[in-house]
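Me: Please take me through this structure slowly, and tell me for each term what stands behind it.

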Amino acid sequence: MRSHCLDNSFQPSPRGCNAAMLSFLSLLFFNLLITFTAAGQDYYERLLLRPLPQSALLASFNFRSNESSASFDQQNFRYFPRSLGQILQHARTKELHLRFSLGRWDAESWGQRPWDGAREGGTGVELWAWLEAQSEEEAFSRWLTLTNALSGLFCASLNFIDATKTIRPVMSFQPEGDHHNSSNLHLLHGTLPHEVVCTENLTPFLKLLPCKGKAGVSSLLDGHKLFDASWQTMSIDVRPVCGKDGADCVLEMEQSVDMVLDIDRSRRPRDNPIPRPLPIEEIACDTSKHYNAEDTCYPLHKSAEPGWNLTEIFGRPLKGACPLTDGDGEGANTVCINTPPERIIQANTTGQYLETWIASDTVRCYKLPTGSDFDLNLPEQEMTTGLILATPPLFAARSINGHGQERGSIQAIIRNPSATDAVEFVYLESLPWFMKPYLHTLRARVDTTSTNPIQETYYRPAVDRARGTHLELRMLIPASSTLTLTYDFEKAILRYTEYPPDANRGFDVAPAVLKLLSSQSSLGDNKGVYLRTTSLLLPLPTPDFSMPYNVIILTSTVMALGFGNIFNLLVRRFVGAEEVMALGAGGLRGVVAARVAAMRTRLLGR
Amino acid sequence: MPIDQQKALLFGAAAAVRLLLFTAFPSLPNLLTGRVEISTPVTSFKRLQEGVFLYTHNVSPYDGGVFHQAPLLLPLFSLLPNPAYYPFATNLLYTIVDLLGANALMHIAESGQSATPRLFKSSRKELRWSSIAIGAGFLFNPFTITTCIARPTSALTNLFILLAMAKASQGAGSTFVLALSVASYLAMHPILLFPPLLVLCYDVRATKSKSAPNPLAFTAFHVLSLVVALGGLLYLSALLTGSWEFLGATYGVRLLLPDLTPNVGLWWYFFTEMFDSFREFFLGVFWLHVVSYVPGLTIRLRKQPLFVAVTLTGIFAVFTPYPSIADGTLYLSLVPLFRHLFPLMRYTFLASSTILYASFIGPAFYYLWIYAGSGNANFFYAITLVWSLGLSVIVGDSLYAALRDELDVERPELRGKEVKRI
């Protein structure tokens, strides 16, 4: 047990091992706390900070507001934003999940994803929703209504989610809410991997919150820092939640922002953002190196945790509590930080605040003062204990193999780190139509056994300009094995008007989504455990954009040469060359001579 | 050596070359299958494999953008063992297809319809190659061999076109209609060969029987049997796939060109660069252009129907939406039937060097565009223009020679003299 613990702790220290193990367990417990506290409240918000290795910091913002179904149906909105509520009512959307994401979660060094990946999206924008409709056509037209309305609301290109980017997943997504009041639900899923998420998406996101970023933990959200993060994902989830007997339904809207900040990068001042080398006097040098001298230095690795405070990291101060949160109890502790107990944390505020230590002292929560700024200051500190990061149930990476712009192959490598448990999961690919996979080349191998890991396949091939490829595979990966999935694809050449202005950059391919079936979510609810690969960049062959006229002219010339030559032969008669001379009538000369003669008679005749 | 022995030797050698290439270079078939010059979206063997895979896994292959080939190929190829593991059966099938094609070509040569049809006796009719030589020209043409190794379904289309021609030149009406309907079913455009081949069939029938059959009744009967045969094939396909959606995915794709994968023809780059509002107009114009040759040639060269059919295959190799070198090789193998026209052709050197030039530079320029990145699409496009130009020069030049040959019979006094067209 001890050795296992050491392997996983990111700052291995024998003394801290027990404490670290403890903190891992308590983390799970803490997650449970977050999930269940909100049930009775109308508005709830929380910020959880967790330092990660390599001076990274995970900040998870979570906002939740409830509206009873009855008042929602009467358009009586309190905490639920009216703008979004009316869109959902108009498009008959019963459950909505919207994601804006950037960057890559580095599972190798950061461990398990926040919310088990259930509140995370693929790079760009991802949207899926359950709509009520009588037929597939009606569902699709409502889906278009929804995407167009959301596009306006969030200033994103969601209106570009058309039929070619929409799929209907069969195994990968399950509704999170209680839907026994609705029938004929249709699940539609669309992705925009090319979408660049930026501040214009954050502003409408904040406006949906009751405190609108003016107070509470949302006052820390600043576009400059959020979109500068190593990884960030903003999510909006709307689902109906009912009591045990199916009554007392509420519509729950959950907004969350998860970001991984690089502490060093975030602390750079905004007016001087370029990293510059420190003066040599300020660097701790490794004097054991033989080349160490006054002007040469091998910097020593800093073992101390970097010092930081909230204002510095987020670029703005935390402006006190949002008055709509509960005044006391669990919901009042809106800022929590998950560190080893020995870490020194100083709260800076002029108002009244309350500090609570929970989960074996590994989580400290603060009840914010109302009306005055609040800051947490963590000085630089040499640590003896560290947090254990939970190992993710699977590691997944996907890449394009091959060279040239004609064809290639996709390779997905999925690794199961567990030494004991096999993992069953669903692998979902949603490919653009101009990438044509060959399913007969699909191969899946596991390095430890020779059995085929694919248990079930759902495949809907792409149709040119009408529909993208939809592939779902249910697979089983044995313990401590690596699964390699490959298939070939061909790249289509598009019409020249179908290329974007930066055609030679390539096209983005949406990330693959992995849903784990066997392992239950550690949060204990029906959100599921998800994993997403990174998006891919697919270079397509390009025509020459500068010469449509030239091509039209040249091709037409060749066709005219063929046509002219052949029909010239077909419609004319052959005569001997001498006969033409004798007749004097054939050819251009004869015609001209006749014309001239006729003209002369007319002129002279007058 | 007796003719049968020669034939056996020729076929044995051709089969040996093919099977040797298949076995000695196991990666060669897949390499050639990937070449755009040989495999087009409507004939590619890899797409056929995908279609068969989907068909055997109960997914409709026509509900997708990959498979655009005729439905009856699916049960045929699903009967063969998987070519990824046991390629021999497929290799043997394609070798046999080539041999049958050569056999049909030799029957055409033996029928003598090229130089001495019913209404016309060429003044140079003694100038001809033996059927063995013509068969060898087909079987050992490097284009034919590469086509066979790459296994596109255009090899099957070529076989049925050759069979239709052979049966028509033997006067076997029903088998000619059947072969032509299969060819049209596979590739659509061979139906345009029906008028000249019907005239050929009528001529042969008239030569063989004492009294010429009634032209109207003859035409009506054969048109009707073509409709019945094609209808039967299409109905069988619909029964097989369970719906009529294969029509859009096969013939619709050939008509409307949604897949712009490069090939040796003129259409793909033209419609890549075409302005959206004119796309439908030019699709119509291009198809009308292809069809316009049929009545023109058939009427003008009424006396030489086989020549019309052969010239049309040459036109298909240039002006259809998805041509490949398989179409070119069919035409180039049929041209030697008209050995008697060679002395009258004026641009043989130019045409043959253009074809050679295009076949060597084409793959190089494609590489520069797609793999090296040092060239752009215009490189390959320019070469397809040269290839098309070369083929259309042969078509035009042989047409000139055929007309000149007719003139020599009509007016023997002009033989060897310079002529003009007025």
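Me: How many bridges join strand E23 of chain A to E24(A), and do they run parallel or antiparallel?

Reply: Four bridges join strand E23 (residues 513–516) of chain A to E24(A), and the two run antiparallel; strands count as paired if DSSP finds at least two bridges between them. Within this pair, Lys515(A) stands opposite Tyr530(A) in E24(A). As a caution, this is a predicted model, in which local features need pLDDT of at least 70 and side-chain atom pairs count only at pLDDT 80 or more, while totals for chains, interfaces and linings use all residues. Residues are numbered from 1 along each chain as its sequence is written, and chains are lettered from A and ligands numbered from 1 in the order in which they are written.

Me: What makes strand E19 and strand E24 of chain A edge strands?

Reply: The open sheet has five strands in the order E19-E20-E17-E23-E24 (chain A), with antiparallel pairing. Strand E19 (454–460) and strand E24 (529–532) of chain A each have a single partner strand, so one side of each is left without a neighbour in the sheet.

Me: Why is strand E13 of chain A called largely enclosed?

Reply: A residue is buried if 20 or more other C-beta atoms lie within 10 Å of its own, exposed if 12 or fewer, and partly exposed in between, with C-beta atoms placed from the backbone. Five of the five residues of strand E13 (residues 363–367) of chain A are buried, so the rest of the structure largely encloses this strand. Both faces are covered, with Val363(A), Cys365(A) and Lys367(A) buried on one side and Arg364(A) and Tyr366(A) buried on the other.

Me: Which strands pair with E13(A)?

Reply: Strand E10 (residues 333–338) of chain A pairs with E13(A) in the antiparallel sense over five bridges, and Cys336(A) there stands opposite Cys365(A). Strand E12 (residues 354–358) of chain A is also joined to E13(A) by five bridges and runs antiparallel to it.

Me: Why are H4(A) and H6(A) called roughly antiparallel?

Reply: Helix H4 (residues 82–90) and helix H6 (residues 136–154) of chain A pack at an angle of about 170 degrees, with their axes 9 Å apart. Angles under 35 degrees count as roughly parallel, over 145 as roughly antiparallel, 65 to 115 as roughly perpendicular and the rest as oblique, which makes H4(A) roughly antiparallel to H6(A).

Technical notes
Axes are lines fitted to C-alpha atoms, for helices over the stretch in contact, and angles run from 0 to 180 degrees between N-to-C directions.
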